[in-house]
Amino acid sequence: MPVINMIPQFDSPPEDQVSQLSLTNMYFTQLNQQPGGQTGYIAPSPGTDLYVDFSGNSVRSLFQDSGNLYAVVDSTLYRIDSSGAQTTVGTLNTSSGYVSFIANTTQIMLADGTDAYVITKSSHAFATVSDADFPTTAPIRLAYLNGYGCFTTAATKALHLMDLSDFTSYTSTQYTTLTDSGETTSGCIANNGELFVFTKDRCAVYVNTAASPFPFEARSNILLNIGCSAELSLQVVDNTIIWLGTNEHGMLGIYRTTGYLPKLISSDSLNAEIRTYSNPENAISYIFSLRGHYFYHITFPDSQKSWRIDLTTGLCHEVTSRNAEGQFTRHLSSCYTYFDDKHLVGDYRSGKVYEMSQSFYTDNDTPIEREIISIPLDSQLERMTISELTVDMQVGKGLSTGQGSSPQAMLSYSTDGGNTWSAELWRSVGKIGEYRTLVRWNRLGQGRRRVFKLRYTEPTQFSVFNLLVKY
């Protein structure tokens, strides 16, 4: 009987990657290079474990600087030093929404969309920016370049700078408008010694020429034709910018710069999915590294959805967490920083900060639901009898007691391309030490356009190497 591997092996992401191989809390990673293609396996996304509990309603932002971790929880700004000592730095005038941070050699500036604040590093003194010339509405996102705090505001349609080396001071002449367009600005970000200033439809690139009174000037020969749809989606990694963007034709997707050229890195299916979301302009993002790969994490709060794109393979997967009602919704993380040799994320539902690691198999003891939906089995619309399905995966990794001591995997199948599913069929993946366990299902019936769904909720290691179908 012929055998088909339902986990694709490919050189580059297929055009319709989301619908061909749907992964939730799992990601496809390269294993080794073979002649004619790339071979990989499906690995679990990292879990979380409690790092510190600030006893609040939401962690709004995390930032590390000079051996200190700063966390905004509700309206309170906390600091944890290198010894682990925790202190309260100050109180913000807002209690919800994202908070942006930047730092120079002596100060830290933060903004919450309503006000801006400055911390003096030497004394840890905290104060609201009170300069009379400062814009009435504070920025949502801050950038830092060449000693200047940089930001845009939709209300002024302009790029603004704080005074050189002083986040507390603002001069009324330190702004410029995009005079040739009159478009509303939608964020700025520093990259490779330049400042990229976005509107909804395009992006201009500014460089510090020491001009007076405004020291930054736009490069006349560079204009990106993709704008920014969500200011908090802007991120920089490896001297490239990644963001949720759109062009004048309304093409919404996730883009990445190659030099000054924007390239769409999200698949057609993910783009179509994003277009169904409520208020995608409220998306938030961060970047983290895992096993030598960078991942771009983006959350759409109003639609309770989170996605990650592996910036090495170009493949995406969904990430979820279980809420208080037991439903799997967006990932629990609202923000990220790397501190104390740990990947830390803040919980949008509480005042808890977690360490994120592949060594953890739950979200702070809450089960993670991992799911793989295979590519459709091409039968040329002929009825196909499936005699056997075998999952080549990690086995014998059960725990000694409690949940996970007798781990089970759950398989269901669809005979109509994934519109409806069979009842789940459970199989053991081996108790601790049972390394010869064979995970197999027999006599799976007939049908056209067969699709298989594999689920796993145990708090143990779970990696899948092959999904072999015999027919």
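Visitor: Is Asp238 buried or exposed?
Guide: Asp238 counts as exposed, because its relative accessibility is 52% and exposed means over 50% relative accessible area, with buried under 20% and partly exposed in between (1.4 Å probe, protein chains only). This is a predicted model, in which local features need pLDDT of at least 70 and side-chain atom pairs count only at pLDDT 80 or more, while totals for chains, interfaces and linings use all residues. Residues are numbered from 1 along each chain as its sequence is written, and side-chain values use heavy atoms, with hydrogens and water left out.

Visitor: Where does Asp238 sit, and what is its phi?
Guide: Asp238 is in the loop between strand S23 (235-237) and strand S24 (240-246), where helices (H or I, at least four residues) and strands (E, at least two) are DSSP runs numbered from the N terminus. The phi of Asp238 is near 50°, which is a positive value in a residue other than glycine.

Visitor: And what about the phi of Asn279?
Guide: Asn279, which is not a glycine, also has a positive phi, of about 50°. Its place is the loop between helix H2 (268-275) and strand S27 (284-290), and with 38% relative accessibility Asn279 counts as partly exposed.

Visitor: Which residues does the cis peptide bond join?
Guide: The cis peptide bond joins Ser212 and Pro213, with omega at about 5°. Pro213 is found in the loop between strand S20 (203-208) and strand S21 (216-224).

Visitor: Let's zoom out: how many helices and strands are there?
Guide: The secondary structure of the protein comes to two helices and 46 strands.

Visitor: What does the radius of gyration say about the protein?
Guide: For 471 residues a compact globule would have a radius of gyration near 23 Å, and the protein has 25 Å, which agrees. That radius is taken over C-alpha atoms, and the globule rule is 2.2 Å times the number of residues to the power 0.38. Along the principal axes, the C-alpha atoms fill a box of roughly 75 × 50 × 40 Å.

Visitor: How much of the protein is buried?
Guide: Buried residues make up 55% of the 471 residues. The accessible surface comes to about 19,800 Å², and 46% of it belongs to carbon and sulfur atoms; such areas come from the Shrake-Rupley method with a 1.4 Å probe, and for residues only the protein chains shown count as cover.

Visitor: Which residues touch the most other members in the largest nonpolar core?
Guide: In that core of 28 residues, they are Ile372, Leu389, Val391, Met393, Trp441, Leu454 and Val464. The elements giving two or more residues to this core are strands S3 (26-34), S40 (388-393), S41 (408-414), S43 (439-442), S45 (451-456) and S46 (464-470). Apart from it lies another core, of 19 residues, including Ala230, Phe300, Ile309 and Leu311. A nonpolar core here is a set of buried Ala, Val, Leu, Ile, Met, Phe, Trp, Tyr and Cys residues joined through side-chain atoms within 4.5 Å. In soluble globular proteins, nonpolar side chains tend to be buried together.

Visitor: What share of contacts in the protein joins residues 24 or more positions apart?
Guide: Such residues account for 56% of the contacts with a separation of 6 or more.

Visitor: How far apart in space are Asp365 and Thr48?
Guide: Asp365 and Thr48 are 8.3 Å apart, C-alpha to C-alpha, although 317 residues apart in sequence. Asp365 is in the loop between strand S36 (362-363) and strand S37 (366-367), and at 66% relative accessibility Asp365 counts as exposed.

Visitor: And Ala85 and Thr105, how far apart are those?
Guide: The C-alpha atoms of Ala85 and Thr105 are separated by 22 Å, and the two residues are 20 residues apart along the chain. Ala85 is in the loop between strand S8 (76-80) and strand S9 (86-91), and is partly exposed, with a relative accessible area of 36%. Not counting residues up to four places away in sequence, Ala85 touches Arg79 and Ile80.

Note on methods: Contact means heavy atoms within 4.5 Å.
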